[in-house]
Number of protein chains: 2
Amino acid sequence: MTGPTAMDERRARAALSRAVEPGDEHAGRWLRRYGATGFLDRLLHTADSVDISGDEPFPGTGRRRVASWRLRATAADPDRDLDTIRELGGRFLVPGDTEWPRQLDDLGDTRPLGLWVRGPADLRTWALRSVALVGARACTPYGAHTAADLATGLARQGWVVVSGAAYGIDGAAHRGALAAAGATVAVLACGVDTPYPRGHDQLIRRIAEQGLVVGELPPDSHPTASRFILRNRLIAALTRGTVVIEAQHRSGSLVTARAAARLGRHTMGVPGPVTSALSAGVHELLRGDATLVTDAEEVIELVGDMGQLAPARRGPVLPRDLLAPAAAHILEAVPARGPTPTTVIARRAGTGPDDTLARLYELHSLGFVERRGDGWQLTNTATDASNARRGGT
Amino acid sequence: MTGPTAMDERRARAALSRAVEPGDEHAGRWLRRYGATGFLDRLLHTADSVDISGDEPFPGTGRRRVASWRLRATAADPDRDLDTIRELGGRFLVPGDTEWPRQLDDLGDTRPLGLWVRGPADLRTWALRSVALVGARACTPYGAHTAADLATGLARQGWVVVSGAAYGIDGAAHRGALAAAGATVAVLACGVDTPYPRGHDQLIRRIAEQGLVVGELPPDSHPTASRFILRNRLIAALTRGTVVIEAQHRSGSLVTARAAARLGRHTMGVPGPVTSALSAGVHELLRGDATLVTDAEEVIELVGDMGQLAPARRGPVLPRDLLAPAAAHILEAVPARGPTPTTVIARRAGTGPDDTLARLYELHSLGFVERRGDGWQLTNTATDASNARRGGT
């Protein structure tokens with residue numbers, strides 16, 4: 001999967017993910033300028049404030065910040081962290097990986113250095129068809145009921161439910177998706193090996209087995225107030241839209257919603273009684289640009305502009321099983337080998353060329369097929385899944 | 001108050017208000033063409049379908065409709081109806097009266113022929129600063145609580161609460177306004193002497209004593225399904241905005257809200273639990289162009305673009321008492337006789353000429369002052385109220 005240079009880059013990003021706090025724009029700028037290995041190198045091999053030539057190594061970035069980076073980079077052991085995640089059956093994704101969710105690029109210099117991931121699914125494919133459900137920890141029974149109901153409805157229609165694994169709305173959302181045997185992603189503000197909160201140990205373990213547990217902090221990292229806040233930008237960026245279900249004024253969920261709006265994602269809110277302080281934050285949002293939603297259909301109506309395609313999964317669940325019949329039918333008609341022209345695929349499928357082409361573009365956006373010259377071919381993921389379906393792996 | 005011609009016009013409109021159903025656009029067009037006396041005359045003095053010259057008297061209007069108008073116009077006794085309303089201490093307003101609420105002109109050919117009014121307040125002045133609160137008859141305790149709470153909040157801040165006197169939300173809204181010793185208007189779909197529903201006899205009597213009871217149907221008229229629906233356009237047109245509090249899908253309250261939107265009024269909705277069928281209609285509205293509101297302040301923020309001026313009242317409550325201090329101060333400075341130039345009023349008040357002029361325009365829009373040449377003078381209403389304040393009437 002990775003040549004030596006790529007491995008160096010991955011190791012450097014793993015080390016930096018321990019040295020740098022999430023969402024650090026200064027680090028993001030230096031990363032953009034020097035690359036991960038260059039940035040790490042400069043961090044480890046320059047003096048505290050002045051390099052050999054007498055220049056500051058990171059002009060414009062405060063010395064205390066650089067000192068903290070350096071201290072933590074020196075202590076970092078990326079090989080051990082990469083071993084840890086591997087032993088957990090997980091992986092450390094970096095930009096450029098096929099599984100890297102490209103919508104995170106919208107975060108610019110606050111894009112995560114990498115993502116520590118546990119679980120059998122393909123994060124990129126899932127994120128393409130995902131919705132964030134977020135809300136209060138101390139929610140009411142009404143809020144918990146509504147979150148679970150929405151999650152179940154979304155999952156049943158092939159949508160991936162993303163949340164933060166917290167008590168209250170988050171937990172209800174994950175459980176609602178799991179109850180429908182659906183797809184769910186927990187985005188943590190700590191290491192993916194040290195779930196928080198402890199009371200959700202079992203829930204997070206189940207998500208790691210059936211869905212995905214994701215975070216930008218290396219193994220054994222603990223959550224802090226600012227990490228919770230910055231985690232919210234990941235939830236917003238990963239998904240096609242964010243639904244807030246119960247939030248007081250100045251709630252963290254409103255941070256997620258505003259981040260989603262800034263990133264051009266849909267923001268939605270579930271209303272509640274005006275007499276409930278736990279709906280006040282949602283109503284505030286709905287008095288702005290957010291859209292009021294009352295059920296999963298209304299959410300999908302808003303975010304679902306890519307037809308009825310469903311996410312692919314890695315592992316036991318075959319991606320094709322969740323595709324709409326028409327798309328699955330076209331995918332069947334794409335030969336296992338070689339680029340094939342649209343007309344040939346259309347003839348094999350027995351559908352018109354326009355309809356075939358539209359479906360191929362949909363399959364392309366989901367990572368099942370890719371263009372090669374004038375033709376189409378299956379991607380590796382699609383081929384793997386196809387093999388699995390035919391009795392392989 | 002009325003010369004002989006004006007009386008003829010008023011009598012003709014009273015007769016027509018018995019002959020023609022509310023909101024009849026055909027009648028509205030003939031009224032515009034012939035005037036009330038001309039229209040009535042043509043109705044009473046032409047043959048069933050063809051006049052003396054052999055032409056149809058109302059080409060383009062179906063014969064059955066004309067026959068029904070004629071039948072009812074022949075049976076009408078406008079003098080008796082005008083006596084009845086007078087005996088009740090009420091009045092029959094027609095366009096052109098100083099108390100006629102001019103915003104009803106926005107209804108075009110469906111503008112009411114006249115308004116049968118009971119109660120001590122000045123309808124035109126009140127309507128300038130009014131909000132409609134409407135909603136389900138079979139509301140929940142949450143809906144009733146919210147309606148009463150909103151009404152009390154609006155009334156406390158000098159806003160007039162308009163509703164339809166029905167059970168449920170309407171009743172709660174009227175009662176909430178009365179509880180705050182505030183202003184409220186009941187717009188009925190029947191004669192103002194024969195309140196409907198019967199269970200609200202006492203409530204409607206109280207409104208007639210402390211507020212206004214208004215309708216376009218002559219005394220002793222009974223409500224029908226279509227009269228209820230058409231009454232809603234009056235509520236929408238009279239007010240600066242309509243707030244819907246609990247409504248099922250396809251509720252009559254949504255008709256009012258949509259009428260308000262068509263008339264360029266603000267439409268608002270109070271959200272509720274998504275699990276409540278009685279909030280489903282409101283949520284539908286809020287997913288469109290309506291604004292979500294949770295309290296009286298948010299309603300006023302939207303509709304209150306005329307500062308903190310309050311409605312004038314006729315009778316025991318003095319209009320000036322509800323004016324914002326700055327406006328009341330300027331009003332004090334307008335001499336009882338006269339047109340007086342702005343500069344003189346500014347000097348008497350001790351305020352700058354720009355500020356004085358702005359306040360004068362506000363007072364003008366509320367009917368306290370009027371322009372005469374280069375100066376300003378008190379209107380009759382303002383003079384009456386002023387006299388009352390100084391110990392008169």
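Figure 1. The model shown is predicted. Two copies of a chain are related by a rotation about an axis and a shift along it. Here, chain B is superposed on chain A by a rotation of 180° with 0.0 Å of shift along the axis, and the RMSD is 0.1 Å. This is the relation of a two-fold axis. Within chain B, the C-alpha nearest the axis belongs to Gly272(B), at 2.3 Å from it.

**Figure 2. Three strands of chain B form an open sheet in the order E10-E12-E11, with antiparallel pairing.** Strands E10 (340-341) and E11 (369-372) of chain B are at the edges; each has a single partner strand, so one side of each is left without a neighbour in the sheet. Strands of a sheet pair through backbone hydrogen bonds, either parallel or antiparallel. E10(B) pairs with E12(B), residues 375-378, over 2 bridges in the antiparallel sense. Opposite Pro341(B) stands Gly375(B) of E12(B).

**Figure 3. Helices H2 (residues 25-44) and H3 (residues 63-75) of chain B cross at roughly 45°, their axes coming within 12 Å.** This angle makes H2(B) oblique to H3(B). The crossing of H2(B) and H3(B) is right-handed. On H2(B), the contact is made by His26(B), Ala27(B), Leu40(B), Leu43(B) and Leu44(B); on H3(B), by Arg65(B), Trp69(B), Arg70(B), Ala73(B) and Thr74(B). By type, the residues of this contact between H2(B) and H3(B) are 6 nonpolar, 2 polar and 2 charged.

Conventions
Residues are numbered from 1 along each chain as its sequence is written. Chains are lettered from A and ligands numbered from 1 in the order in which they are written. This is a predicted model: local features need pLDDT of at least 70, side-chain atom pairs count only at pLDDT 80 or more; totals for chains, interfaces and linings use all residues. Copies are superposed by least squares on the C-alpha atoms of residues with pLDDT of at least 70 in both. Two strands pair if DSSP finds at least two bridges between them. Helices (H or I, at least four residues) and strands (E, at least two) are DSSP runs, numbered from the N terminus. Axes are lines fitted to C-alpha atoms, for helices over the stretch in contact, and angles run from 0 to 180 degrees between N-to-C directions. Angles under 35 degrees count as roughly parallel, over 145 as roughly antiparallel, 65 to 115 as roughly perpendicular and the rest as oblique. A crossing is left-handed if the near helix is turned anticlockwise from the far one by less than a right angle, and right-handed if clockwise. Two residues are in contact if their C-beta atoms, placed from the backbone, lie within 7 Å. Ala, Val, Leu, Ile, Met, Phe, Trp, Tyr, Cys and Pro count as nonpolar, Asp, Glu, Lys and Arg as charged, and the others, Gly among them, as polar.
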